[in-house]
Amino acid sequence: MNFDIEKIRADFPILNQKIYGKDYIYFDNGATTQKPIQVINAVSEFYSSINSNIHRGVHLLSEKSTKAYEDVRAKVQKFINAEHEHEIIFTKGTTDSINLIAFSFGEKYVNKGDEIIVSAMEHHSNLVPWQMLCQRKNAKLKIIHFDKNGELETDKINDLITDRTKLLAVTHISNALGTINPVKKIVQLAHNKNVPVLIDGAQAIQHTIVDVQEIDCDFYVFSGHKIYAETGIGVLYGKEKFLNEIPPYQGGGDMVDHVTLEKSTYLDLPFKFEAGTSNYVGAVSLGIAIDYINEIGLNKIAEYETELLNYATQKMQAIEGLTIFGNAKNKASVISFLLKNIHHYDAGMIIDKMGIAVRTGSHCAQPVMTYFDITGTIRASFAFYNTKEEIDRFIEAILKVKQMFD
Ligand code: PLP
């Protein structure tokens with residue numbers, strides 16, 4: 001396909017180095033993505049020429065800083081097709097965004113005996129905050145289970161929803177299994193019964209076009225570092241109606257209108273949810289990362305990553321004793337697997353010595369591991385800067401591990 005991989009790889013300095021004397025292969029993109037030189041340079045240039053705290057000064061650089069930050073809000077709005085710019089709230093990341101909603105939405109709407117629905121394939125980030133909310137409010141957490149292929153049992157959702165259900169939270173793409181969930185359908189099912197939906201887009205935003213109005217979700221969250229931007233910046237999209245209704249999550253500077261010693265009034269959206277100095281440089285990096293992705297095109301990226309996924313899956317399925325966990329029909333470029341009788345840490349360490357970075361463990365999704373009765377997997381997750389040649393070397397590495405243990 002028409003994809004200038006050499007040009008793309010040249011943009012990512014970290015890929016062009018040797019690890020243990022070998023050309024570095026980075027297959028841990030599910031954990032975090034690498035940064036193009038355009039993002040790295042933009043951050044450096046921002047600190048060298050513009051840096052100033054936002055929203056607080058009349059001096060020129062503060063105004064420039066503020067404009068740069070607010071321009072990214074508009075860019076994110078366009079990127080995910082939100083209706084309003086003020087529906088984009090900057091946070092620290094996915095986890096922070098979910099905790100914000102679990103707290104604020106929970107304060108406003110969740111009472112004793114109410115119910116929250118999550119799926120069994122959630123990252124701990126989209127599970128633990130809801131458990132904490134349910135404990136705080138004496139509410140009940142209900143679970144959408146998945147089958148052995150890693151497909152959600154969406155046909156059970158209707159029965160799970162009752163008149164006590166206050167919110168459904170589900171991941172768009174599973175970080176442990178790669179499953180792409182039918183989020184639009186899930187939202188429709190929930191909305192038929194007037195239940196709002198939060199979607200965890202941490203693994204989707206970098207792989208697929210996200211249109212929040214088309215999905216019609218009420219909240220959509222993601223992290224900048226998963227989409228080639230810096231760490232410490234994230235996004236909470238929320239429908240205006242809900243964001244207006246729910247209380248602020250944190251208090252402090254930048255989110256208040258009038259403050260007396262007794263009480264304060266708050267600013268309107270989006271500032272009501274952005275207490276303290278925001279990570280405005282992180283936001284700038286997110287803007288540059290979005291420009292970078294837009295220039296290549298998410299459609300092209302998705303197509304190429306699917307090609308990598310299919311290529312690797314086919315080769316791995318041919319290896320005796322290798323089991324892939326997560327065989328959904330609709331999958332992102334994530335392959336979780338185990339080699340018979342070989343511990344995932346042992347395999348991961350040997351693969352690392354061959355200059356290939358993969359992730360091992362439970363991938364912050366312990367209930368998924370419990371379902372399969374395993375303690376963890378080896379996970380290879382591909383990005384658009386990876387290549388089939390790298391996958392070939394990865395297959396050789398897997399065969400070498402097998403050979404060593406045989
Ligand atoms: N949700 C999913 C599906 C993830 O994969 C991750 C991170 O791996 C998170 C949430 C948490 O993201 P962060 O650590 O950036 O807050």
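## The ligand site

A polar side-chain atom of Thr-95 sits 2.5 Å from an oxygen atom of the ligand. The model that shows this contact is a predicted one. The protein covers 85% of the 390 Å² of accessible area that the ligand has on its own.

Two other residues make contacts of this kind. Gln-203 places a polar side-chain atom 2.7 Å from an oxygen atom of the ligand. For Ser-223, a polar side-chain atom is also found 2.7 Å from an oxygen atom of the ligand.

## The shell around the ligand

How many residues surround the ligand? There are 13, and the closest are Thr-95, Asp-200, Gln-203, Ser-223 and Lys-226. By class, the shell consists of 10 polar residues, 2 charged residues and 1 nonpolar residue.

## Helices H4 and H5

Two packed helices are described by the angle between their axes and the distance between the axes. Helix H4 covers residues 94-109 and helix H5 covers residues 128-137. Their axes are 9 Å apart, and the packing angle is about 25 degrees. H4 is therefore roughly parallel to H5, as angles under 35 degrees count as roughly parallel. The crossing in which H4 passes H5 is right-handed.

## Helices packed on H14

Helix H14, residues 388-405, packs with helix H12, residues 344-353. The two axes come within 10 Å and cross at roughly 125 degrees.

## Two backbone features in loops

Which residues does a cis peptide bond join? The bond lies between Leu-269 and Pro-270, with omega at about 0 degrees. Pro-270 belongs to the loop between strand E12, residues 264-266, and helix H10, residues 280-296.

Another feature concerns the phi angle of Tyr-20. Tyr-20 is not a glycine, yet its phi is positive, at about 50 degrees. Where in the chain does Tyr-20 lie? Tyr-20 is in the loop between strand E1, residues 18-19, and strand E2, residues 22-23.

How values were computed
Residues numbered from 1 in each chain as written. Predicted model: local features only at pLDDT ≥ 70, side-chain atom pairs only at ≥ 80, totals over all residues. Heavy atoms only, no water. Near = heavy atom within 4 Å. Polar contact = N/O pair within 3.5 Å; in protein donor to acceptor, adjacent residues only side chain to side chain. Areas by Shrake-Rupley, 256 points an atom, 1.4 Å probe, with all protein chains shown as cover. Nonpolar A, V, L, I, M, F, W, Y, C, P; charged D, E, K, R; others polar. Axes fitted to C-alpha atoms, helices over the stretch in contact; angles between N-to-C directions. Helix = DSSP H or I, 4+ residues; strand = E, 2+ residues; numbered from the N terminus. Parallel < 35°, antiparallel > 145°, perpendicular 65-115°, else oblique. Left-handed = near helix turned anticlockwise from the far one by under 90°.
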